[in-house]
Amino acid sequence: MVRTLATRLAVVATLAGALAACASETPADEAPADAIAEPAVLKERQDNFESIGDAFKAVRGELEKDTPDFGLIAASANDINARAGNIERHFVERTSIDDGFDTEALATVWEKPVEFKAAAQKLLDESADLAAVAASGDKAAVGAQAMAMGGACKDCHDQFRLDDEK
Ligand code: HEC
């Protein structure tokens, strides 16, 4: 996972500032109350996306074979579908890169909640369609639907995820 140096520095600076501000009145063995703690939801959502990425990789791996395992493609599509259903609740707390967290989530997630919800719904729909088409065993149709699902990833990333490839 690539994190920007700027993000790390921002987090370190924020923590250092919070610690310095509390140093005088806080015993060393107690965490200062106003330090920014990494919310558990951050790791949960990144693990969730990591697994979505792995499942998508598995789909593409099968489609490179002459005789893809359509059962595995369907299972991966169902896994992605279940995980797509977690996305919204992983973004309830405002935890963007602009809030000083070690994340690639842009502030637009919270600024455009309707669009974000629609982008998550698109992945739900496309992954359900992929699971359904996989049952047909028609490689060309499954390949086309896998591409369509990939479009749902890209749509959301283009609007809501930091592009650190540039
Ligand atoms: C509704 C929006 C949305 C959709 C749909 C979406 N992503 Fe993402 N994805 C994000 C955001 C936002 C992040 C950054 C999360 C963070 O760093 O906290 C992310 C991060 C990731 C990561 C990095 C996870 C990590 O280790 O931090 C991977 C891999 C990924 N997405 C793959 C995919 C794939 C593959 C799909 C489609 C099958 C997909 N995503 C669909 C919004 C989305």
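Which helix gives the most residues to the shell around the ligand? Helix H2 does, with eight residues. This is a predicted model, in which local features need pLDDT of at least 70 and side-chain atom pairs count only at pLDDT 80 or more, while totals for chains, interfaces and linings use all residues. Residues are numbered from 1 along each chain as its sequence is written, and side-chain values use heavy atoms, with hydrogens and water left out.

**Iron site**

- His 157, through NE2 at 2.1 Å, is the only protein donor of the iron atom of the ligand.
- Donors here are N, O and S atoms within 2.8 Å of the metal (3.2 Å for Na, K and Ca); water is not among the atoms, so sites may look incomplete.
- His 157 is located in helix H7, which covers residues 139-160.
- Helices are DSSP runs (H or I, at least four residues), numbered from the N terminus.

**Shell around the ligand**

- There are 24 residues around the ligand, and Glu 50, Thr 103, Cys 153, Cys 156 and His 157 come nearest.
- A residue is counted as near if one of its heavy atoms lies within 4 Å of the molecule.
- By type, the shell divides into 15 nonpolar, four polar and five charged residues.
- In this division, Ala, Val, Leu, Ile, Met, Phe, Trp, Tyr, Cys and Pro count as nonpolar, Asp, Glu, Lys and Arg as charged, and the others, Gly among them, as polar.

**N and O atoms at the ligand**

- The side chain of Gln 46 has an N or O atom 3.1 Å from an oxygen atom of the ligand.
- For Glu 104, a backbone N or O atom lies 2.8 Å from an oxygen atom of the ligand.
- An N or O atom in the side chain of His 157 is 2.9 Å from a nitrogen atom of the ligand.
- Two or more residues of the shell come from each of helix H2 (40-63), helix H6 (113-134) and H7.

**Helix packing**

- H2 and H7 pack at an angle of about 150°, with their axes 11 Å apart; that makes H2 roughly antiparallel to H7.
- Axes are lines fitted to C-alpha atoms, for helices over the stretch in contact, and angles run from 0 to 180 degrees between N-to-C directions.
- Angles over 145 degrees count as roughly antiparallel.
- H2 and H7 cross in a left-handed way, meaning that the near helix is turned anticlockwise from the far one by less than a right angle.
- The axes of H2 and helix H3 (residues 70-84) come within 9 Å and cross at roughly 160°, and these helices are therefore roughly antiparallel to each other.
- The crossing of H2 and H3 is left-handed.
- For H6 and H7, the axes come within 9 Å, crossing at roughly 165°; H6 and H7 are therefore roughly antiparallel.
- H6 and H7 also have a left-handed crossing.

Technical notes
A polar contact is a pair of N or O atoms within 3.5 Å; within protein, one must be able to donate a hydrogen and the other to accept it, and residues adjacent in sequence count only if both atoms are side-chain atoms. Angles under 35 degrees count as roughly parallel, over 145 as roughly antiparallel, 65 to 115 as roughly perpendicular and the rest as oblique.
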